[in-house]
Amino acid sequence: MPRAGQLSLDDLGTPLRDVTFCVVDLETTGGSPTTCGITEIGAVKLRGGECLGTFQTLVNPGRAIPPTITVLTGITEAMVLPAPRIEDVLPSLLEFVGDAVIVGHNVRFDLSFLQAALEADDRPRLTNRSVDTVALARRLVREEVPNCKLGTLADRFRLPHRPSHRALDDALATGDLLHLLLERAGRLGVTGLDDLLTLPTMAGHAQAAKLRLTEGLPRSPGVYLFRDARGDVLYVGKATDLRARVRSYFSGDERRKIGALLRETVRIDHVAHPHTLAAAVHEVRLIQRFSPRYNRQAREWGRYVYVKLTLNEAFPRLSIVKEARDDGAVYLGPLTSRRSAQLVVDAIHTASRLRRCTARVGRTPSRQAACASAQLGVTLCPCAGGLSAVDYQPVVDRVVRGLRHDPDLLLDPLRRRIEELAASERFEEAADARDRAAALAAALRRQRRLDSLRRSGFVRLHLADGSGADLEHGRLLRVWPPDAEPPLERPLDLLASTDTSAPLPRDRVDEALCVAAWLDRSADRVALSLCEGELASPLPSLPTFQPAKGAAPRRHREVAPVP
């Protein structure tokens with residue numbers, strides 16, 4: 001019987017010459033598997049262009065054969081009366097098919113009858129992969145023939161066997177057609193089973209002729225680079241399976257960007273890597289190096305900003321800055337945009353009484369009266385005088401502790417504010433407060449991940465397949481494949497002296513987050529053999545402040561309690 005499991009990724013990458021195909025054709029009493037029966041089964045097993053065997057039998061359908069079917073196939077009730085019933089044929093048919101890839105001309109029709117017969121006999125459904133020669137013919141030879149009927153194709157291409165509406169004859173003709181289509185598909189770079197299974201959608205793509213650019217791509221992790229006629233990099237991506245990922249751009253992706261990208265592409269380069277971590281990090285580095293115009297990420301990292309708490313003045317304040325400096329300030333970030341940074345600033349202002357004015361405070365007051373926020377009691381205003389730096393310092397200390405060690409000092413006031421606004425039915429204001437709280441919690445969570453990686457120092461990772469990687473303060477230093485011995489000595493790298501107390505540079509954050517995300521996904525498949533620092537966070541988890549899924553539109557809903 002066919003095995004219950006699907007083909008593995010290795011099986012899917014098997015060269016087509018090594019794939020076993022079983023071409024199946026059925027004759028039936030009609031077109032519906034629920035009301036009609038099978039009258040004849042024909043099958044032929046093929047591999048590498050050779051016939052490995054054939055299977056043929058008449059089947060008693062247990063019902064009358066319409067005269068039109070008899071005229072079409074020549075099969076009469078007298079012929080099938082002594083034939084076995086389908087439940088008696090299934091064991092030998094399943095043994096013949098085995099785990100081969102099932103092929104048919106309109107294969108869904110034949111499979112629908114077989115699956116119905118298996119279910120009626122309380123047998124498991126077929127799980128074999130299948131190939132439809134009708135779909136392949138429509139993609140590969142449609143312009144050469146008036147239609148894609150089996151008889152038309154057999155006549156037009158002078159196939160060795162001709163269909164006759166008898167099961168084995170039609171199966172043999174379909175096998176001939178399969179070999180012809182495989183030859184045509186080879187011109188598009190189709191060399192493996194995975195290529196063949198996706199070809200019906202790929203070959204119809206406007207840029208299908210460029211499928212040949214994917215011929216040399218391996219079925220392994222790595223990065224790929226689309227280049228134009230001048231050699232400039234248009235797009236960089238990563239993949240677990242380079243060949244499958246790149247070929248997927250020619251299949252079913254209707255995004256306008258993809259069509260434009262493929263029209264400009266004249267070359268596809270690649271770099272294979274031993275595991276997905278190396279591929280992901282290399283992608284980040286290549287994007288920052290080339291700034292490909294089809295990579296949105298290439299433009300985003302340059303817009304990253306920091307939230308800065310100035311500690312080098314008597315009355316510290318918050319600001320949003322592009323660069324982090326060694327000036328003794330507290331930095332949060334980098335954050336992905338100025339908008340998200342402003343939400344964080346607004347959240348901290350809501351949770352504390354830090355001054356909101358931006359002027360530098362001198363010895364004499366710069367205001368005649370306190371600002372409106374100070375008059376409402378939500379902030380301090382040293383600009384108006386009457387407030388010493390000593391009295392202001394506890395407010396600063398509380399914010400610093402909230403950003404560095406105890407986030408509840410900032411998040412709890414926000415949580416209470418949200419609940420108060422919701423209880424007063426001021427839902428729009430509560431939603432705004434929730435957005436600010438969510439931005440601050442996300443920024444603190446992001447900072448925590450980055451700081452944890454940077455404190456880890458030198459880290460050596462081993463994967464289950466024998467490959468591995470060395471990290472230094474969250475940056476990937478080197479990798480090795482499964483068949484290689486890991487380096488014996490710790491590398492003498494400039495990163496060994498990295499100052500982890502300084503803010504992370506903008507051009508490093510994407511790589512660090514990439515490494516952190518990979519470690520989260522692969523925690524159950526990675527062994528940590530060496531860690532000179534600390535690769536864990538003892539702090540409690542942070543709330544998300546996100547609304548429940550399926551919540552009503554913002555202007556017409558209440559704010560749910562914050563978890």
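Mentor: Let us begin with a term. Buried means under 20% relative accessible area, and exposed means over 50%. Please also keep in mind that this is a predicted model.

Trainee: Are Y224 and Y249 buried or exposed?

Mentor: Y224 and Y249 are both buried.

Trainee: How are the strands of a sheet held together, and what is the strand order in the open sheet of 3 strands?

Mentor: In general, strands of a sheet pair through backbone hydrogen bonds, and the pairing is either parallel or antiparallel. Strands β7 (233-239) and β8 (267-272) are the edge strands, each pairing on one side only. On average, neighbouring strands of this sheet are turned by 20 degrees against each other, direction ignored.

Trainee: Which helix packs on the sheet?

Mentor: Helix α12 (residues 276-290) packs on it and touches β6, β7 and β8. The direction of α12 makes about 165 degrees with that of β7.

Trainee: How many bridges join strand β6 to β8?

Mentor: Strand β6 (residues 222-227) and β8 run antiparallel and are joined by 6 bridges. To locate the pairing in the model, find R227, which stands opposite R267 in β8.

Trainee: How many aromatic pairs does a search of the whole structure find?

Mentor: The search finds 10 aromatic pairs. Y224 and Y249 form an edge-to-face pair, with 5.9 Å from centre to centre and 70 degrees between the planes. This geometry counts as edge-to-face because the angle between the planes is over 60 degrees.

Trainee: Where in the chain do Y224 and Y249 lie?

Mentor: Y224 is in strand β6, whereas Y249 is in the loop between α10 (242-248) and α11 (256-264). The pair links distant parts of the chain, 25 residues apart. Y224 and Y249 also belong to one aromatic cluster, together with F226 and Y235.

Trainee: What is the phi of D122, and what is that of H165?

Mentor: Although D122 is not a glycine, its phi is positive, at about 55 degrees. D122 is found in the loop between α5 (107-120) and β5 (130-132). With a relative accessible area of 74%, D122 is exposed. H165, likewise not a glycine, has a positive phi of about 65 degrees. H165 lies in the loop between α7 (150-156) and α8 (167-186), and counts as partly exposed at 40% relative accessibility.

Trainee: What is a disulfide, and how many does a search of the whole structure find?

Mentor: A disulfide is a covalent bond between the sulfur atoms of two cysteines. The search of the whole structure finds 0 disulfides. Among the cysteines, C22 is buried, with a relative accessible area of 0%. C514 is also buried, with a relative accessible area of 14%.

Conventions: Residues are numbered from 1 along each chain as its sequence is written. This is a predicted model: local features need pLDDT of at least 70, side-chain atom pairs count only at pLDDT 80 or more; totals for chains, interfaces and linings use all residues. Side-chain values use heavy atoms; hydrogens and water are left out. Two strands pair if DSSP finds at least two bridges between them. Helices (H or I, at least four residues) and strands (E, at least two) are DSSP runs, numbered from the N terminus. Axes are lines fitted to C-alpha atoms, for helices over the stretch in contact, and angles run from 0 to 180 degrees between N-to-C directions. Contact means heavy atoms within 4.5 Å. Rings of Phe, Tyr and Trp (its six-membered ring) pair if their centres lie within 6.5 Å; planes under 30 degrees apart count as stacked, over 60 as edge-to-face and the rest as tilted. Buried means under 20% relative accessible area, exposed over 50%, partly exposed in between (1.4 Å probe, protein chains only). A disulfide is a pair of cysteine sulfur atoms within 2.5 Å.
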